[in-house]
Amino acid sequence: MHTLALDVALEREHHEIDRAIETFVEGLPDGSARPDLLIAALETLRRHIYLEESMLFPPIREAGMTMPIFVMMREHGELWRTMDALATLLAGDADIGSLEDACGLLLAQLHQHNSKEEPIVYSHIDTDLPAQARAELSRFLETGQMPDGWLCRHAGE
C-alpha cells in the first residue's frame with residue numbers, strides 16, 4: 001500500500017468489502033456460500049469505520065467539513081446496526097432469503113454511503129489531513145487493528 005494514495009487505498013477497501021459480500025450472496029442458492037468470507041468482510045468494514053472515525057474524520061471536520069462528516073457518521077451507525085443484524089443471522093439458523101435480504105440491505109447502504117464519501121470526504125485527504133495524520137492513516141491501513149469492543153459513535157441509535 002506504500003505506493004497507493006490514501007483515497008485510492010480507502011476506495012479499494014470499499015470495493016473489496018462489496019465484492020466479498022456479493023461473492024457470499026452468489027453462493028447462497030447452491031450452498032457454496034462461505035460464511036467466513038462474509039465474517040471477514042464485516043470485520044474489515046468495522047475496522048474501516050474505526051479508522052475513518054478515529055483518524056480521518058476529526059481533522060477534516062476541524063477544517064470545516066462539519067455537516068458531511070456528521071452525515072457519514074450517522075450512516076456508519078446504520079451500517080453498524082445492519083452488520084449486527086447480519087452477524088446475528090449468521091450465528092443462527094437463518095434461511096437463504098433472510099441472508100440475501102440482509103446482505104442486499106447492507107450493499108445498498110454501502111453504495112449510498114460510498115457514493116458520497118469517496119468524492120466529498122476523500123477529496124479532502126491531501127488538503128485537510130496533516131502529514132503526520134496521513135502517515136498514521138497509511139500505517140494503520142497496512143497493519144492496524146481496531147481496539148476490542150470499539151463501537152462507532154452512532155451504533156446504538
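**Salt bridges, cysteines and selected side chains**

Lys116 is partly exposed, with a relative accessible area of 24%. This value, like the others reported here, comes from a predicted model. The side chain of Lys116 meets that of Glu75 in a salt bridge, with an N to O distance of 2.3 Å. The pair links distant parts of the chain, as Glu75 belongs to helix α3 and Lys116 to helix α4 (residues 96–121), 41 residues apart. Glu75 is buried, at a relative accessible area of 9%.

The structure holds five salt bridges. One of them joins Arg46 and Asp84, whose closest N and O atoms are 2.8 Å apart. Arg46 is placed in helix α2 (residues 35–62) and Asp84 in helix α3, so this pair ties together parts that are 38 residues apart in sequence. Arg46 is buried, with 15% relative accessible area, whereas Asp84 is partly exposed at 35%. Another salt bridge is formed by the side chains of Glu16 and Arg12, at 3.6 Å from N to O. Glu16 and Arg12 are four residues apart in helix α1, and therefore about one helical turn separates them. Glu16 is partly exposed at 39% relative accessible area, and Arg12 is partly exposed at 35%.

Asp18 is also located in helix α1, which spans residues 6–27. Asp18 is buried but has no salt bridge. The nearest side chain of opposite charge is that of Arg19, 7.8 Å away. When neighbours within four places in sequence are set aside, Asp18 is in contact with Leu107, Leu110 and Asn114.

Zero disulfides are present in the structure. The sulfur of Cys103 is 19 Å from the closest cysteine sulfur, that of Cys152, which is too far for a bond. Cys152 likewise takes part in no disulfide, with the sulfur of Cys103 as its nearest cysteine sulfur. Cys103 counts as buried because its relative accessibility is 0%, and Cys152 counts as buried at 3%.

Val71 is part of helix α3, which covers residues 66–91, and is partly exposed with a relative accessible area of 30%.

Glu157 is found in the segment after α6 (131–143). Apart from neighbours within four places in sequence, the contacts of Glu157 are with Arg74 and Arg81. The C-alpha atoms of Glu157 and Leu38 are separated by 24 Å, the two residues being 119 residues apart along the chain.

Conventions:
Residues numbered from 1 in each chain as written. Predicted model: local features only at pLDDT ≥ 70, side-chain atom pairs only at ≥ 80, totals over all residues. Heavy atoms only, no water. Helix = DSSP H or I, 4+ residues; strand = E, 2+ residues; numbered from the N terminus. Buried < 20%, exposed > 50% of the residue type's maximum accessible area, 1.4 Å probe, protein only. Lys, Arg positive; Asp, Glu negative; His and termini not counted. Salt bridge = Lys/Arg side-chain N within 4 Å of Asp/Glu carboxyl O. Contact = heavy atoms within 4.5 Å. Disulfide = S-S within 2.5 Å.
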